[in-house]
Amino acid sequence: MWVVAFHFHFTAMTGVTEVVGVLGPLITSGALGVDLFFVLSGFVIAHTYLASMGPALHVGTTARFVWARFCRMWPVYALVFHLFGLWLLARLVLGSDDVIAFQGVQPIVSVGQWVQQLLMVQMWNNEFLDGASWVGPTWSISAEWLAYLLFPVAALVFFRLRNLPLLVLGVGAVALMLPIASAYATAGDPYYEWSWAVRILCGFGAGVLVHLVVRRLPRTEPVRRVASTTAWLLPLLMAVGLYCGQFVAPGFGGVVIVGFPVLVGALALADRGPATVLSRPALVQGGKVSYSLYLVHIPMFEILWLAQAYVPALRGGVLGHLVALAVIVATYPVAAAAFRFVEEPARRRLRRIGAPRRPAPSSTVEVFRAARESAGIPDARTHADAYVPPAPRHAAGPTRQPTLAAALVSAQRRKPTHRADTWGAFERSGQVRATILHAGSE
């Protein structure tokens, strides 16, 4: 929503100008929301995949990871970019000038560009993000796709950093944000040659390092209390920094970007305050819809801006402000529909395409064996070789139940409902007995 508000503030209307005049850089610095997302993305990807992909590089694991990320990103992206591509083509053919989009640098509509946009690689050969994408904000999706493709190799390095001192990892996460922060401090904005690559690689890497810190911190009450306090105090300090930074130099407030890794880590550890608010069902659903919202809002704004160019009544007055308000409010239900009917169903179907399929059973015996496996019953032919008795447990005490004996009684009393269950109950009883004998022999 921060990014949406940032883009909407370019709407040429008196009401928008007045709101921006009051809130100032709290809105005009909304591009920082992309950098916050990069940090959050690195944290989430590391949380989900680093433990499995970090020890070694495997073709199968890497392919499954890349395919999962493609299924998540591409379907709704492809829909939006094709629909907006038709809009650009119509403006190119029917328009009276060469302005086809409300971008400082006009995008190129060609077959070659269509292929690059389709594959989400349009940024990879562009030094600047302006005009590189048909849908302006999708430059960050191309950058994110690059980070995903690099992650399997980067995970090998990050995984081997996991045991560094927590202070080193934390300082490293903040230090990775300094290149962009220095651009805000010196030039007032982060736009220079290949700055988009610096933003994604540094932000994503900072998120991974934050994950390494969070995973090692104990979930004690003092840690949760400090994290919860930081999670609500840091956004307030950032807001003050953005507002006061304008008195130092234009865009100087962007240096608050160094606090993004700390904020993400604090929210991951907090159990009250903003973490509680963000965990409410409505906001969780908003998080699910946020990717579609990021994609659809600019095409909707572009339609409004073009209508304002041709219909003076939409540039101000009661009608103009009501229409503008309706457009910005409508971005959420449109995004929710895109998530409900395109993004999520397509992701699930594509994931099923890439999922390994179990061969069909060829005989009655195979059917029976498949039924036992689906019920969680091990195959008797391999059970003797595969079973390894667990380590013996402590004996029962005043506050401890005799777990092995209780398991044996439960296994013997379990009433089987069909042949597969009968066999499974017999084998489970044997396993429990073997465990008790093993424990006694120790």
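Modeller: Let's start with burial: a residue counts as buried when its relative accessible area is under 20%. Keep in mind that this is a predicted model.

Colleague: Okay, take His-211: is it buried or exposed, and why?

Modeller: His-211 has 8% relative accessibility, so it counts as buried. You'll find His-211 in helix H10, which covers residues 195-214.

Colleague: Which residues does His-211 touch, leaving out those up to four places away in sequence?

Modeller: That would be Phe-43, Ala-46, His-47 and Leu-50.

Colleague: Now helix packing. How are H5 and H7 oriented to each other, parallel or antiparallel?

Modeller: An angle over 145 degrees counts as roughly antiparallel. Here H5 (residues 59-94) and H7 (residues 139-159) pack at about 170°, with axes 9 Å apart. H5 and H7 are therefore roughly antiparallel.

Colleague: Which residues meet where H5 packs on H7?

Modeller: From H5, look at Thr-62, Phe-65, Val-66, Arg-69, Phe-70, Met-73 and Tyr-77. On the H7 side they meet Ile-141, Glu-144, Trp-145, Tyr-148, Leu-149, Phe-151 and Pro-152.

Colleague: What's the makeup of that contact by class?

Modeller: The contact of H5 with H7 has eleven nonpolar residues, one polar and two charged.

Definitions and conventions
Residues numbered from 1 in each chain as written. Predicted model: local features only at pLDDT ≥ 70, side-chain atom pairs only at ≥ 80, totals over all residues. Heavy atoms only, no water. Helix = DSSP H or I, 4+ residues; strand = E, 2+ residues; numbered from the N terminus. Buried < 20%, exposed > 50% of the residue type's maximum accessible area, 1.4 Å probe, protein only. Contact = heavy atoms within 4.5 Å. Axes fitted to C-alpha atoms, helices over the stretch in contact; angles between N-to-C directions. Parallel < 35°, antiparallel > 145°, perpendicular 65-115°, else oblique. Nonpolar A, V, L, I, M, F, W, Y, C, P; charged D, E, K, R; others polar.
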